[in-house]
Amino acid sequence: MREAYETQLAQIDIALVAMADLVGTAIRGATDALLADDLAMAELVIAGDSEINQLNADVEEMSILIAALQAPMATDLRLVMGAIRMSGSLERMGDLAVHIAKQVRLRYPNPSIPAELRDTFGKMGKAASKIVEQTGEVVATRNTDLADEMKKYDDILDDLHRELFTVVLSDDWSHGVEAAIDVTLLSRFYERFGDHAVSVARRVIHIVTGEPYSK
């Protein structure tokens with residue numbers, strides 16, 4: 001009986017790690033599509049979101065069943081309850097990657113961003129890819145030290161978001177209002193992506209230590 005219970009708990013972790021892997025693929029694909037104005041890649045990202053959504057539903061179902069039938073306590077209870085929140089955050093990260101891809105589709109065949117900002121968005125994409133890679137590792141290993149380290153990538157995304165916001169508001173901006181809105185939205189998608197990753201990491205810290213969850 002206990003072995004079956006442990007297997008059920010392990011399945012939650014497996015699903016969360018799988019979600020993180022898929023979200024990593026999505027944000028890398030969305031960034032590649034954005035930088036290269038690649039419509040085919042953007043469509044792949046959009047289509048792939050259904051798999052992330054299904055895993056989110058699976059985690060919710062597994063967690064609710066365990067809570068109802070197994071009456072978990074302590075760390076197990078925190079895992080079961082936290083898993084629902086973590087899968088929700090990962091699902092929203094997938095949605096943010098889709099938003100980026102949809103922006104590429106909306107503007108195609110025209111560029112989604114000015115050429116001079118490609119390097120900055122490339123940096124955002126790398127930071128987002130790294131933070132979701134570490135998200136999956138934190139879930140799989142319960143390494144709370146790594147969870148703390150993830151904050152530096154979130155800080156990079158925050159700094160780049162502020163940098164882009166300053167660029168579009170400067171007197172030197174020559175691309176018009178529509179492009180300014182596009183850049184601001186895209187930058188915000190990456191910034192929120194990092195916030196959700198940090199939220200997952202903090203949930204893991206709560207599961208391991210029992211310390212109150214803090215946003």
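Arg 142 counts as partly exposed because its relative accessibility is 22% (buried means under 20% relative accessible area, exposed over 50%, partly exposed in between, with a 1.4 Å probe and protein chains only). Arg 142 lies in the loop between α4 and α5, where helices are DSSP runs of H or I with at least four residues, numbered from the N terminus. Although Arg 142 is not a glycine, it has a positive phi of about 60 degrees.

Asp 37, in the loop between α1 and α2, is also not a glycine and has a positive phi of about 50 degrees. With 17% relative accessibility, Asp 37 counts as buried.

# Basis of the model

This is a predicted model, in which local features need pLDDT of at least 70 and side-chain atom pairs count only at pLDDT 80 or more, while totals for chains, interfaces and linings use all residues. Residues are numbered from 1 along each chain as its sequence is written, and side-chain values use heavy atoms, with hydrogens and water left out.

# The largest nonpolar core

The largest nonpolar core has 65 residues, and Phe 121, Tyr 190 and Phe 193 touch the most other members. Such a core is a set of buried Ala, Val, Leu, Ile, Met, Phe, Trp, Tyr and Cys residues joined through side-chain atoms within 4.5 Å. At least two residues of this core come from each of α1 (2–36), α2 (39–70), α3 (74–107), α4 (118–141), α5 (144–149), α6 (151–169) and α7 (176–209). α7 gives the largest share, 14 residues.

Not counting residues up to four places away in sequence, Phe 193 touches Val 23, Ile 27, Met 93, Leu 96, Ala 128, Ile 131 and Val 132 (contact means heavy atoms within 4.5 Å).

# Helix pairs

The axes of α6 and α7 come within 9 Å and cross at roughly 165 degrees (axes are lines fitted to C-alpha atoms, for helices over the stretch in contact, and angles run from 0 to 180 degrees between N-to-C directions). That makes α6 roughly antiparallel to α7, a class for angles over 145 degrees. Among the residues that meet are Leu 157 and Phe 165 in α6, and Tyr 190 and Val 198 in α7.

For α2 and α3, the axes come within 9 Å and cross at roughly 170 degrees. The two helices are therefore roughly antiparallel to each other.

Key
Parallel < 35°, antiparallel > 145°, perpendicular 65-115°, else oblique.
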